[in-house]
Amino acid sequence: MNDLSSILAQKGSEVATVKADVSLGVAAAQLTEHRIGALVVVDGSGAVAGILSERDLVHGLAAQGSAMIDQPVASIMTAEVITATRATSVLTALAVMTRKRVRHLPVVEDGALLGIVSIGDLVKHRMERIEAEAEAMRTYIQGG
């Protein structure tokens, strides 16, 4: 398969989330603890309400200084989240991420958060596919 469902099957569906009213200091610690670049912001029902990325934190810090640490995630999160579905092709997801200049795509269907893919996940998947195709071609050429 060459859609996001294959990536989620490999990496799992665990998503680090945060509520909009949590402080940016706590959210930054969560990013560090999980060694990730973004947190999906969810509302009380678990629906996607935004996304908080390292980039959002850097822009907030540049604009507001260290005082921002005590502000809520909602103060700087990106509220208009670009999402995908499990059926979204890897190439489509890569194109969207490149065009929109985002590095993370939450995978959502019927309002439910199913997982998240990063640009790194997509590039890794493409490289594995290309390597497998090259190996298949070498085997074919060698008559095997």
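**View A. Asp3 in the segment before helix 1.** In this predicted model, D3 is found in the segment that precedes helix 1 (4-11). D3 is buried but has no salt bridge, and R86, the nearest side chain of opposite charge, is 8.4 Å away. The side chain of D3 is joined to that of S5 by a polar contact of 2.5 Å. Apart from its neighbours within four places in sequence, D3 is in contact with R86, A87, T88, S89 and V90.

View B. D56, L57 and G60 are the buried residues of helix 3 (residues 54-64). They cover an arc of only 95 degrees around the axis and therefore lie on the same side of helix 3. Their cover includes helix 2 (24-34) and strand 3 (48-53). Exposed residues V58, H59 and A62 are carried on the face turned away from the buried side. Just after helix 3, G65 adopts a positive phi of about 75 degrees.

**View C. The salt bridge between K11 and D121.** The structure holds four salt bridges, including that of K11 with D121, in which the closest N and O atoms are 2.8 Å apart. Because K11 lies in helix 1 and D121 in helix 5 (residues 119-141), the pair ties together parts that are 110 residues apart in sequence. K11 is partly exposed, with a relative accessible area of 39%.

**View D. The salt bridge between E109 and R86.** The side chains of E109 and R86 meet at 2.6 Å, N to O. This pair links strand 4 (residues 104-109), which holds E109, to the loop between helix 3 and helix 4 (90-100), which holds R86. R86 is partly exposed, at 40% relative accessibility.

Notes. Residues numbered from 1 in each chain as written. Predicted model: local features only at pLDDT ≥ 70, side-chain atom pairs only at ≥ 80, totals over all residues. Heavy atoms only, no water. Helix = DSSP H or I, 4+ residues; strand = E, 2+ residues; numbered from the N terminus. Buried < 20%, exposed > 50% of the residue type's maximum accessible area, 1.4 Å probe, protein only. Lys, Arg positive; Asp, Glu negative; His and termini not counted. Polar contact = N/O pair within 3.5 Å; in protein donor to acceptor, adjacent residues only side chain to side chain. Contact = heavy atoms within 4.5 Å. Arc of directions from axis to C-beta.
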